Amino acid sequence: MVLASQAQHGMWITEMMHGGGTAYHMPFAMWFDGPLDRGAMLKACESVLARHPVLGCAFEDRDGELHLVPAADRPPIAFVRAADADDLLREEIARPFDLGRGPLARFTLAEVGPSRHLLLFVGHHLVFDGMSKDLLVRDLAAAYSGGPLPPLPMPYGADAAIPPEAAAYWHEHWRDRSTVVIDGVAGTARTAGRGETVLLDLTGEMSGWERAGVTRFELFLSAVHALLFRYGNAEPAVAVAMSTRRPETREHIGLFATELPLYSAPTPDTTLAELAHDLRARLRELNRFRDIPAARAAGGIRPRPALAPVSISFRRRAADVAFAGLDVVAEWKMSNHMVRNVLHLQAVDGDDGLRLTLHHSPDLIGREHVERAGEHLRAVLAADPGLRLADLPLPASIPGAAPVPAPAPVEAPVPGSAAGTVDGELVEQVRQIWMEVLRIEELAPDEDLYDLGGHSLTITQISARIRKRLGVEVPFDVFLDDPTVAGVAAAVSELRP
C-alpha cells in the first residue's frame with residue numbers, strides 16, 4: 001500500500017464528485033496481420049501486468065489520504081472471437097471501472113479473421129497516461145519474443161508538501177476561464193459530456209517550424225493561442241498536458257502527467273514567432289511546478305473536469321516496435337467518446353508525420369465549427385512566423401470577435417438557512433472539524449469552503465474526520481452543491497440513521 005500522487009488524488013476526487021463516465025478511460029488498440037501466436041501474446045499481457053504493478057491496483061481513502069491498494073481481482077486478460085470488432089471496441093471502452101475495487105486495466109485479444117487479430121487495452125487514466133502507450137507496446141513486443149521483463153517497483157510514494165514558491169506562482173497566475181469562443185460560437189463546459197472527433201493530418205503545415213526558432217510543440221501551442229485570440233478571446237487559456245516523469249520513473253507505466261493551464265495576452269501586433277517565444281518562456285516557468293496541481297497550490301478552486309475550456313496533449317511517439325512475423329498497426333489516438341471541456345486537441349507526432357484529433361462536445365459546439373477551426377489552425381501553422389497575428393492568412397469568412405458571456409452565477413446558500421434546520425450541536429461539531437482541517441480559529445456556518453482556500457485534499461480530510469467522529473459517509477457532491485458548514489451538517493443530519 002502506497003500513497004497516491006497529488007495528480008492521482010485530484011483526478012480521483014474529480015471523478016468521485018462529477019461522475020466521469022468514460023472521460024478518464026484510455027483505450028489503445030493494436031491490429032496484427034499474420035500468424036500470431038495466441039498463447040505467446042496472452043502470456044506477454046501477463047508479463048506486462050507483472051512488470052507494472054500499478055495496473056493491478058485500486059484506490060482507497062484512508063483517513064483523508066488516498067492510497068493505492070491491491071485490486072479485488074487481477075486485471076482480466078480475455079480471448080474472444082469477434083465477428084464485429086466495432087461492437088467489441090465500443091463495449092469494452094464503455095465498460096465501467098470501480099475505483100475502489102479495481103482492477104483499473106484490462107486486455108482483450110480478439111480473433112477477427114483467419115490471420116487478423118485485435119489486441120485492445122483499456123486502462124483508467126489514474127494508472128495510465130499517453131507515454132504509457134509507448135511503454136506498453138515496447139514491453140509487449142519484448143515479452144512476445146520471449147525476452148525477459150523484470151518487474152518494477154511501485155513508483156509512488158509520500159505526498160509532497162506545496163512549496164511556497166508554487167503557491168505564490170499559482171496565486172499570481174491562476175485565471176478562472178470556463179468559456180471560450182471558437183469560430184464565433186461561445187462554449188462553456190461545466191461537466192464532462194459526450195464527445196465526437198475530427199481528424200487532421202498537419203504534417204505538411206509543420207514542415208517549416210525550424211524558422212521560428214522553437215520546438216514543434218511550442219509552435220503548435222502558439223498557433224492554437226493565436227487562433228483563439230483571433231476568435232475574440234482576449235486572454236486565451238489552454239490547459240497543457242505535461243510529463244512528470246523523472247529518470248527513476250522513465251520506464252514505468254502509470255499516471256506521470258498533469259494538465260496545467262497556460263495563459264497568454266497577445267496583441268494584434270504580436271507576431272506568431274514572438275507569441276511562440278513568449279509561451280516558451282511561460283512554459284519553462286510553469287515546468288518548475290509541473291508536479292504541483294494548480295487547484296491544490298492555489299486553493300479556492302472547485303474540483304472540475306477541466307481547468308481550461310481548451311486543452312492540448314502533444315506527444316512525440318516512439319519509433320515503431322516490431323513483432324516477429326506480424327504486420328502491426330497501432331491506434332494511437334483512440335477516442336473514449338467523452339470530452340471534459342469544449343475542445344481537446346490530441347496531437348501525435350511520429351516519424352510518419354503529425355496527426356491531430358479534435359475532440360469536442362457536440363452539445364457545446366457543432367462539428368462544422370470544429371472542422372472550420374481545424375482548417376483555420378492549418379492556415380496559421382502554414383503561415384510565416386514573422387507575420388503579425390492581425391495579418392495571419394485566415395479565410396475571409398473567419399468570424400469576428402464574439403463577446404464572451406459572463407459565467408452563470410453560482411447560487412449561494414442563504415446564510416443560516418440550512419443551519420437553522422439542523423441541531424446546533426451537530427453544526428458545531430462539523431464547524432470544529434472544518435477549523436481543524438483549514439487551520440483557522442473562527443468560521444461562520446455559511447462561509448464557502450473554496451472562498452476559504454479549500455481544495456481536493458481539504459474535502460477528503462473533512463470527510464474522513466466526519467466519518468470517524470460522526471459515523472457518516474458524506475457524499476463528495478455535497479461539497480459541490482453546498483460547500484458550507486451548514487450544508488455539510490444538513491447532509492450529515494439526513495444521513496444519520
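Trainee: Leaving aside neighbours within four places in sequence, with which residues is Leu-275 in contact?

Mentor: This is a predicted model, in which local features need pLDDT of at least 70, side-chain atom pairs count only at pLDDT 80 or more, and totals for chains, interfaces and linings use all residues. Residues are numbered from 1 along each chain as its sequence is written, and side-chain values use heavy atoms, with hydrogens and water left out. Contact means heavy atoms within 4.5 Å. On that basis, the partners of Leu-275 are Ser-222, His-225, Ala-226, Ser-264, Pro-266, Thr-270 and Leu-389.

Trainee: Is Leu-275 buried or exposed?

Mentor: Leu-275 is found in helix H7; helices (H or I, at least four residues) and strands (E, at least two) are DSSP runs, numbered from the N terminus. Buried means under 20% relative accessible area, exposed over 50%, and partly exposed in between, with a 1.4 Å probe and protein chains only. Leu-275 has a relative accessible area of 2%, and therefore it is buried.

Trainee: How is H5 oriented relative to H7?

Mentor: Helix H5 (residues 164–173) and helix H7 (residues 272–287) pack at about 140 degrees, with their axes 11 Å apart. Axes are lines fitted to C-alpha atoms, for helices over the stretch in contact, and angles run from 0 to 180 degrees between N-to-C directions. Angles under 35 degrees count as roughly parallel, over 145 as roughly antiparallel, 65 to 115 as roughly perpendicular and the rest as oblique. That makes H5, relative to H7, oblique.

Trainee: Which residues in H7 do Tyr-169, Trp-170 and His-173 meet?

Mentor: Tyr-169, Trp-170 and His-173 belong to the H5 side of this contact. Their counterparts in H7 are Arg-282, Glu-285 and Leu-286.

Trainee: In S4, what is the bridge partner of Leu-3?

Mentor: An open sheet of three strands has the order S1-S4-S3, with antiparallel pairing; two strands pair if DSSP finds at least two bridges between them. S1 and strand S4 (residues 65–70) pair in the antiparallel sense over two bridges. The partner of Leu-3 in S4 is His-67.

Trainee: Is Asp-139 buried or exposed?

Mentor: Asp-139 has its place in helix H4 (residues 130–144). Leaving aside neighbours within four places in sequence, Asp-139 is in contact with Val-48, Arg-51, His-52 and Leu-149. Because its relative accessibility is 2%, Asp-139 counts as buried.
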